[in-house]
Amino acid sequence: MTGEPIHSPLLPASPGTFPVPAIIADAGEKTSEHFLEFFAATIRNKNTRAAYMQAVAQFCRWCEGHELQLHTIRPLHVSAYIEAMPLTPPSVKQHLAALRGLFNWLVIKQVVPDNPALFVKGPKFSRQIGITPILEAEQMRQLLNSIAVTRKIKGARKHGGAVSTGTDVKGLRDRAIIAIMAYTFARVSAVLKLKRGDYTLQGKRARLRLLEKGNKEKLVWLHHEAEQYLDAYLEAAHIVENSAALFQTLDKNHRLTGLPLSRRDMLRVVKGRCAAAGLPETICNHTFRGTGITVFLQNGGSLEAAQDMANHTDPRTTKLYDRRKDLATLSEIERRIAF
């Protein structure tokens, strides 16, 4: 295989061979190639690919610990694995999906005679409400207002080292991203993939062209406040090329690097901003999607409109983000239970 190496959490094989778990490497070079083909050729979503790699790597380590070889793995072993590992029901389902897909591919490639994970049943599990932590409208306002958009700048020593106040590009950037996620219900990955050319004006109103999950292109209107925040950031950042990343990392001197923020970068931003605002440490990138949907429905928005804005194909998925009942129940508990 040529080109850039595949970076993955899989265990490395011996030097000079494919970066695969030892149990796969022991089955031969052709098997190693087919193993990597499964991830590279059949899974387009990077997040799904990473999750499946982690699941398969964990299973392979378990098999190696029990001195199994690839051709000796049976349904009993897969069942014993999911029973032995401390996995939540959703994780068990994900691990089984990864193993079924991998072994099905290896069957097609005639590496193994059958799929040992095919008929292994996972736990029954359903979720009526999402588990992503959300913010109430007042907390969301508290967070946006807490983000400083100016900073103190120390002048050069030869000019006396005077301290002045200047625009904080980082603060303007963070406020704009968080507002866009909350007001458009967009996934963090879609927002971080935005280019300067994806932000346009139609008449007097602003629109964003988002590339959502499954490479679905979606044009969304911007709430006037999110538009103001984004304009303030762009005025300070001076990003003009249409192909440039809209939200970029900054160097130590607070200058844009041209490199787009990653999901991990954004999670650090969110955690830091929420901690500074005195908000729960459980808040994550996905919080603003759920917050936006819940507040929209609380204020009389229709489920159908929320579903369309969130780019969900099934309204049941949108309902997972609707926490109105949760908030109402909490309010009733606080108001009516007193000892």
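Analyst: Asp-174 is buried, at a relative accessible area of 0% (buried means under 20%, exposed over 50%, and partly exposed in between, with a 1.4 Å probe and protein chains only). Its side chain meets that of Arg-173 in a salt bridge, 2.9 Å from N to O; the term asks for a side-chain nitrogen of Lys or Arg within 4 Å of a carboxyl oxygen of Asp or Glu. Arg-173 is buried too, with a relative accessible area of 3%.

A word on the source: this is a predicted model, in which local features need pLDDT of at least 70 and side-chain atom pairs count only at pLDDT 80 or more, while totals for chains, interfaces and linings use all residues. Residues are numbered from 1 along each chain as its sequence is written, and side-chain values use heavy atoms, leaving out hydrogens and water.

Now to the sheet, where you will meet two further pairs. Strands β3, β4 and β5 form an open sheet in that order, with antiparallel pairing; strands count as paired if DSSP finds at least two bridges between them. The edges are β3 (199–202) and β5 (216–221), each pairing on one side only. From one strand to the next the twist averages 30°, taken between N-to-C directions on a 0 to 180 degrees range, with axes fitted to C-alpha atoms. Helices and strands here are DSSP runs numbered from the N terminus, helices being H or I of at least four residues and strands E of at least two.

Arg-205, in strand β4, reaches out to helix α9 (residues 224–237), where Glu-227 lies 22 residues away in the chain. Their side chains form a salt bridge at 4.0 Å, N to O. Glu-227 counts as buried at 12% relative accessibility, whereas Arg-205 is partly exposed at 38%.

The other pair is Glu-217 with Arg-209, whose side chains meet at 2.8 Å, N to O. Here Glu-217 is exposed, with a relative accessible area of 55%, and Arg-209 is partly exposed at 32%. Elsewhere, shared partners tie Lys-170, Arg-173, Asp-174 and Arg-273 into one salt-bridge network, which brings us back to the buried pair of Arg-173 and Asp-174.
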